[in-house]
Amino acid sequence: MAASEKWIEQGDDTSSSYLQKFRLYETRSNFYMIGRDKNRTFWRVLKLDRTEPTELNIHEDSTAYTEAECFELLRRIHEGNRSTGGLKFVTTCYGIVGFVRFLGPYYMLIITKRRMLAAICGHSVYAIAKSEIITIPHASVLSNVAYSKDEKRYKKLLCAVDLTKDFFFSYSYCIMHSLQRNLCNNVKGQTYYESMFVWNEYLTRGVRSKLKDCLWTVALVYGFCKQVKLSISEKSFKLTLIARRSRHFAGTRYLKRGVNEKGRVANDVETEQIVFEDVPCGSPVRISSVVQNRGSIPLFWSQETSRLNLKPDIILSRKDSNFEATRLHFENLAKRYGNPIIILNLIKTREKRPRETILRSEFANAIRFINKGLNKEERLRPLHWDLHKHSRNKATNVLAILGKLTSYALNLTGIFYCQLSSDLRAEGLQNPSCLEKSDGECTTSKDETALNLTTESTKNDSDGKDDHRKKATMIQKGVLRTNCIDCLDRTNVAQYAYGLAALGHQLHALGFTESTNIDLDNPLAEDLMGIYETMGDTLALQYGGSAAHNKIFCERRGQWKAATQSQEFFRTLQRYYSNAYMDAEKQDAINVFLGYFQPQPGKPALWELGSDQHYNAARFGANAIAEIARSSIKRSMSESNILCESNSTALGTVVGHGLSLPEKDQEVKVFSESNPEISTCETTMSADDAIICDPRQLVKDMEPYHILENDCLCFDGHAEQCACAEFDMDWVSSSGNSCEDESYGRSTALRSSENVPEDIKIESATSASESGSSLKGGEINESKHTREDVGGLPERFVRWVLHGDGHFW
């Protein structure tokens, strides 16, 4: 029976079905792992052979022992091995993380201490407080390879992935899946280990294959998990915020950018907000969740780390002319969450030196191209709002505007809500919209109608209380995908706005509030902001090397401006140092932990490859490859370059390890400041090809959110061709119809640089109605800011840190 089925049917009673505490013993020839359930009703035994120096031999005793029987078994093992030292106790542990081998012996990673993070309907979620790595073969059979420098270095790399930071797991709840998927899908056997969010899938692959079960291992999710108890109108509820980071195309900020050939993007994080009543265990409970997503812009792009420039050039490759990888990414999103897919893009609309705007233009082209092949219901729904520009305008309430945009998205996707009875069986929950596919993903059926998201049933519970209303089960269909450049700072602000809008709907569904809106001045908004701020800092440290820039949150709380500036300044320095000096080794450690690089005897070691090849290195040609090899920091390998799958097709001749060179007749272009290539996008599109629906209808849909009259909604269906990125919700003029410089409508594939030719430089043409948010005004403000004394550092150094303008000395 699937884990999700068990916890729905039995609640916390399922603790008897899982091994939760273990004791490890050793003899000269074997390790013995003794596991028991939480309620001490049965004991199981796992034996690991220590006589084989390079092979993993595991045997599981199928007998379920009582405590007395298990004690007798251990006594007999001790007596039988008395001549070689008998049976010795090693340690207590709480699960196996996995097994790994480099060049010599196998190692076992175990959890020796845990701490509780949250409880979801009686199912505990734990973090790892302490872990240990144990060499399986006995010292007497180890070869010299086990003591070699390379072996020790690989072991050190593995240990560099700190399991005590931001990894979490649950024995009885599929924490790698959303609440909706756990209740909708029949996840059987070991398939939940195949989830994109289980980081020790590779480490457990061998033992799961041998034992045909997962009693002994725990599925680790990497990201963020926090639960708090809140109240409103004297009613208590628990809010759990979970961020799950994808193991596909995983890595650090400058070493993992954009998308790979399989449609997997960097910094792909699923965020789930769960709200449920704070009621005694075993009582009926109403519960709600909402899921949103963040991820790198799904194009082939990258940035070379520079020790002299904090804002390196953005390199965009137009090799994927049909945007196949981008299409695969959005197909995967639709498969996981259903439609619609709403894209909230927060990158800049105007720059003196084109950087973000290069990606913005190409992203718009990709969405337009993909939408041509989709029917109306499946089309991507992109929105663009330049958060950076408007956050510099004191007259703009950034969180309020984001609240309007995210509320619009929330109305399209809905939330998940159901009521669970005392045995945690979903009250009337059917399976109308979620179907289990062969790869274990949850998708929305096109042929079946989902439960009505707005219909409510107001019949009373059996206890007769008016405040216990049964509402029809709600299903979330679709997802909001938010991105900026790094998907860290601006993205986290937008995700908070979405979470706040969702919280209003969740509390309303639970019957706690009459309205679905929560004002920004409400104490709940401040509480939620603190949680999202903590999540943002955690995710930023994982991907970017420093805590997030929280200027908007700090200003909202009225924090002293000088303190905020100093904080932002030193976080910028910290991120720069981490990216320039620490990320190469961190990326190597991630590749080893996830199995994307597997050492082989007689082959070059990971650190001897010269450069950790980026997924699109082959796309830039031999000259660019040589340039990458000369880089001061190693580029990261995609999983497709390191692990060859049976169904994968080679792109070219494999050279060295993981580097695919193109065929002779394959067209390869190198984009740089010396040879920028600009292609003009199509200038005519029918109204049927609109990326967003009729703007009048969209504005009508958003009327409750009071979108200002001078907001411009650019789309492909204008009578006159709109030359901007065609998915803006930006303030460009008081007329409401004007758009940006036509250069935004072109596909710009180049390396951003100060030496960009004049014909593609994008200057500010912002109207006076923007109340001082023009570039000219921005320059004045920046100059003033750099003259301020930040920690007593030189003005030129501060300018370099804040704006990345070349050398500072």
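**Reading a helix and a strand**

Modeller: Helix α6 (residues 324-337) has 14 residues and, at 1.5 Å a residue, should span 20 Å; its end C-alpha atoms are 20 Å apart, which agrees. The expected span is 1.5 Å times one less than the number of residues. Helices (H or I, at least four residues) and strands (E, at least two) are DSSP runs, numbered from the N terminus. This is a predicted model, in which local features need pLDDT of at least 70, side-chain atom pairs count only at pLDDT 80 or more, and totals for chains, interfaces and linings use all residues. Residues are numbered from 1 along each chain as its sequence is written, and side-chain values use heavy atoms, without hydrogens and water.

Colleague: Which residues of α6 are buried?

Modeller: An α-helix has 3.6 residues a turn, so residues three or four places apart point the same way. Buried means under 20% relative accessible area, exposed over 50% and partly exposed in between (1.4 Å probe, protein chains only). The buried residues of α6 include Ala-325, His-329, Leu-333 and Arg-336. Gly-338, with a positive phi near 85 degrees, follows α6.

Colleague: Which residues point one way from β2, and which the other way?

Modeller: In a regular strand the side chains alternate between the two faces of the sheet. From β2, Asn-30, Tyr-32, Ile-34 and Arg-36 point one way, Phe-31, Met-33, Gly-35 and Asp-37 the other, and all are buried.

Colleague: How many bridges join β2 to strand β3?

Modeller: Two strands pair if DSSP finds at least two bridges between them. Seven bridges join β2 to β3 (residues 43-49), and the two run antiparallel. Tyr-32 has Lys-47 in β3 as its bridge partner.
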